[in-house]
Amino acid sequence: NYRKAGYDFIAITDHDSVSGIDEAIARGKEVGIRVLVGIEISSFSNCEIHVLGYNFDYKNPAFQEELAKIQGMRRVRNGAILRRLNELGLPLSFTEDMDGVGRLNMAKEMGEKGYVKDVNEAFEKYLGPKGKAYQEIKRTTPMDAVKLIKKYGGIASLAHPKKYLLDKKLDLLVGGLK
């Protein structure tokens, strides 16, 4: 039981998707833990920045419409990455129109197929900002991600703050998004 383990609630924050929230809430009720609405929006400014959102109106049709635009940008980017990987002789099983697929999924499959030794190598050589298959396609900005979450009653938070702390950009980034 999660309560006995000291948990009051959990949140699922999938990248650019809210598709598993209803199931998670239902399962949470079955096992006795509150599930918060959550998302991790992949955004880009000078670098990739992931913005977490909690307790927003994810069923609002206007929110769903705005999220569909973000998902469309993600599909375009994924398609460009997959095409580049094919050109490099590294075909994967994913297709451009698949929802919920990200670079981590690609990196794992690259490892399974023996193209790389592990996920880190996949990002270093191919999928990271200096990688051969990396694609900078138009994406939502961190500010727009925060505005979207707040517009629908949610709370925004920065994902992976240690990364920005180590780069000495945390204060600047949080200050700007605040």
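**Entry 1: R103 and E48**

I looked up R103 and E48, and both are buried; buried means under 20% relative accessible area, exposed over 50%, and partly exposed in between, with a 1.4 Å probe and protein chains only. The model is a predicted one, in which local features need pLDDT of at least 70 and side-chain atom pairs count only at pLDDT 80 or more, while totals for chains, interfaces and linings use all residues. I number residues from 1 along each chain as its sequence is written, and side-chain values use heavy atoms, with hydrogens and water left out.

The side chains of R103 and E48 form a salt bridge, at 2.9 Å from N to O. R103 sits in helix 3 and E48 in strand 4, so this pair ties together parts that are 55 residues apart in sequence. A salt bridge here is a side-chain nitrogen of Lys or Arg within 4 Å of a carboxyl oxygen of Asp or Glu. Helices (H or I, at least four residues) and strands (E, at least two) are DSSP runs, numbered from the N terminus.

**Entry 2: other salt bridges**

I searched the whole structure and found ten salt bridges. In one of them R77 pairs with E48, with the closest N and O atoms 3.6 Å apart. This pair also links distant parts of the chain, R77 being in helix 2 and E48 in strand 4, 29 residues apart. R77 is buried, as is E48.

I then looked at K125 and E121, whose closest N and O atoms are 2.8 Å apart in a salt bridge. The two are four residues apart in helix 4, so about one helical turn separates them. K125 counts as partly exposed because its relative accessibility is 42%. E121 counts as buried because its relative accessibility is 13%. Salt bridges with shared partners join E48, R77, R103 and R139 into one network.

**Entry 3: helix 3**

I listed the buried residues R103, M106, A107, E109 and M110 in helix 3. They lie on the same side of helix 3, because they cover an arc of only 165° around the axis; the arc is that of the directions from the helix axis to the C-beta atoms. The buried residues of helix 3 pack against strand 4, helix 2 and helix 4 (119-127), where contact means heavy atoms within 4.5 Å. After helix 3 comes G114, with a positive phi near 80°.

**Entry 4: V116**

I found V116 in the loop between helix 3 and helix 4. V116 counts as buried because its relative accessibility is 6%. Leaving out residues up to four places away in sequence, V116 touches A107, M110, G111, E121, A122 and Y126. The C-alpha atoms of V116 and Y126 are 9.6 Å apart, and the two residues are ten apart along the chain.

**Entry 5: the largest pocket**

I checked the largest pocket, which holds about 420 Å³ of space. Of its 21 lining residues, H15, R74, G102, R103 and L104 are the closest to its centre. Strand 4 (48-54), helix 2 (61-87) and helix 3 (103-112) each give two or more residues to the lining, and helix 2 gives the most, with five.

A pocket is an open set of points on a 1 Å grid over the protein atoms alone, where a 1.4 Å probe fits, with protein on both sides within 12 Å along at least five of seven lines; lining residues have an atom within 4 Å of a point. Grid points are joined across faces, edges and corners, and the volume is the space filled by probe spheres set on the points.
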